[in-house]
Amino acid sequence: MITFDKVNKYFNQLHVLKDVSFHIEAGEVVVVCGPSGSGKSTMLRCVNRLEKIDRGEIVVKGVNLNAPTSDIAKLRAEIGMVFQHFNLYPHLRVLDNLILAPIKVRGVSREVATDTAMKLLAKVGIQEKASAYPSQLSGGQQQRVAIARALAMQPKIMLFDEPTSALDPEMIREVLEVMVDLANEGMTMIVVTHEMGFARRVAHRVIFMDEGRVIEDEKPEVFFSQAKDPRARVFLSKILSHI
Amino acid sequence: MSGASFAIVQSLRTERGKEWLWRLGVLLVVIAGAYAARDLEWGKVAASWQFLLKGLGRSWLLALASIFVGAVAAFPLALARVYGPTGVRHAATALIETVRSIPELMIIFWVYFTLPLVIGAQVDSWEAALGSLSVIAAAYLAEVIRAGLYSVPRGQIEAAETTGMSRLHIFLHVVLPQALRNMVPALIAQLVALFKTTSLVYAIGVMEFLRSVTVINNTLFAPYPLYLILALGYFVSCFAITRLVRWFDPKYQLVD
Ligand SMILES: Nc1ncnc2c1ncn2[C@@H]1O[C@H](COP(=O)(O)OP(=O)(O)OP(=O)(O)O)[C@@H](O)[C@H]1O
Ligand SMILES: [Mg+2]
């Protein structure tokens, strides 16, 4: 479903992605971790071409992202993305945050979009906040709304960029629960996170990045107990001793 | 302290109490001001009230017309400067920055004295006033709009992009509504400034408020009451503009 083939990306002189290659099947949940600045966000943002690459090839759902003829907007509509800082539209009520794109992009009627949106809000456990503004919600609630907003487009792939790292500990759980449910329903997910409990519970694979390279790409059991690369072991010992 | 006075002191600590205290203060200042001004030569200027009011009306007309024309022109200018292709962007930038860096009076003089030579047609003072004030309003309002557009965080646009929305839809439904709300404080400041700028066309003989007051003063010589009226006229007008814009500003809170 998602294939990276020797992907290279530069920010001016800075080489941020170095020969990144991997393949993700439909229904797979992949957790990406690594030190700060290792290129995790950049890699994730390449999947829906928020960032363009300089060399290599990315194919998502059979669409080559580099090909000038590819309909990127159409592809993006099928890839949901959740950001660290939620990025909800502050001028719109929760419900309107959810129905904007389905109406404008898919041409769904307001009634149908509202119906779907209310079901999704129920699913993430905040249907009672449908008419609130984002600023009236807690961080955890905002992030759940952001997940529901992405799901409202009925995506085939969901991308998460550190969805819980701006949240207080008690709110992290409510967001992770929603993500676990989603994983169990068979959604294809790439999740950049340092929540190793989440990785253990639902990830099929863990990708570890350092300085723009994929260092490890393993099943969680293997990654946690017998990571081959010393950088991965150092990273793990740091992050696990934190918890 | 007795119970009653204690209750009064307590109630003054609340938000409402503070609000009333503030209003009382303003009222006292106004009364003191009126008392101090009671001996000015009001009788002398009273008969001119219609003339002065007409002057103020013309100032409002100039302000509203130039702001309207200016705003209509400012939108494409700002859009060109923010989103336009390189050539268009540079042209819009050059235009805006040129107008903004020239003293307003200079622009008024050019339109009044130089433009007729260029176009070979008569330009009366009223036309010159409207034209020059509109150009000034366009340049300054374009900058207010541009600042508003830039105030929308990049993440908002990215969030919309990831849903596959088109650039036009993103602009209309995500960027513009937030930009309009964010530009309210700067807009108020700019509209107030533009209102005061209308007084400059005094120099080309338009009988707006400042000129009306000056003309009356030249015949009656009663500068104290007249300049007090002048100050009050501009104060009330600018205050009204502030309130008017705020009234259009929908109540909402920002995250991020
Ligand atoms: N828009 C940009 N312009 C220039 N450099 C950038 C840009 N975005 C990221 N970088 C740089 O690219 C490198 C990789 O950044 P990236 O955000 O992908 O790292 P990350 O692994 O997500 O880190 P973190 O855990 O801190 O989020 C960093 O050195 C960063 O400074
Ligand atoms: Mg990151």
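Five residue pairs, both members at pLDDT 80 or more, are in polar contact across the interface of chain A and chain B. A polar contact is a pair of N or O atoms within 3.5 Å; within protein, one must be able to donate a hydrogen and the other to accept it, and residues adjacent in sequence count only if both atoms are side-chain atoms. On the side of chain A that touches chain B, two or more residues each come from helix 2 (72–76), strand 6 (79–82), helix 3 (94–106) and helix 5 (139–151) of chain A. Helix 3 of chain A gives the most to this side, with 4 residues. Helices (H or I, at least four residues) and strands (E, at least two) are DSSP runs, numbered from the N terminus.

The model is predicted: local features need pLDDT of at least 70, side-chain atom pairs count only at pLDDT 80 or more, and totals for chains, interfaces and linings use all residues. Residues are numbered from 1 along each chain as its sequence is written, chains are lettered from A and ligands numbered from 1 in the order in which they are written, and side-chain values use heavy atoms, with hydrogens and water left out.

In the interface, 25 residues of chain A are in contact (heavy atoms within 4.5 Å) with 21 residues of chain B. The two chains, A and B, bury about 2,000 Å² between them. Of this area, 61% is on carbon and sulfur atoms. Buried area is the accessible area (1.4 Å probe) that two parts lose on being put together, summed over both. The rule finds 1 salt bridge across the interface of chain A and chain B. A:Arg45 forms a salt bridge with B:Glu158, with the closest N and O atoms 2.7 Å apart. The criterion is a side-chain nitrogen of Lys or Arg within 4 Å of a carboxyl oxygen of Asp or Glu.

Backbone geometry was examined next. Most residues other than glycine have a negative phi. A:Lys6, not a glycine, has a positive phi of about 45°. A:Lys6 lies in strand 1 (residues 2–11) of chain A. A:Asn87, also not a glycine, has a positive phi of about 55°. A:Asn87 lies in the loop between strand 6 and helix 3 of chain A. A:Asn87 is buried, with a relative accessible area of 9%. Buried means under 20% relative accessible area, exposed over 50%, partly exposed in between (1.4 Å probe, protein chains only).

In chain B, B:Leu12 lies in helix 1. B:Leu12 is partly exposed, at a relative accessible area of 33%.
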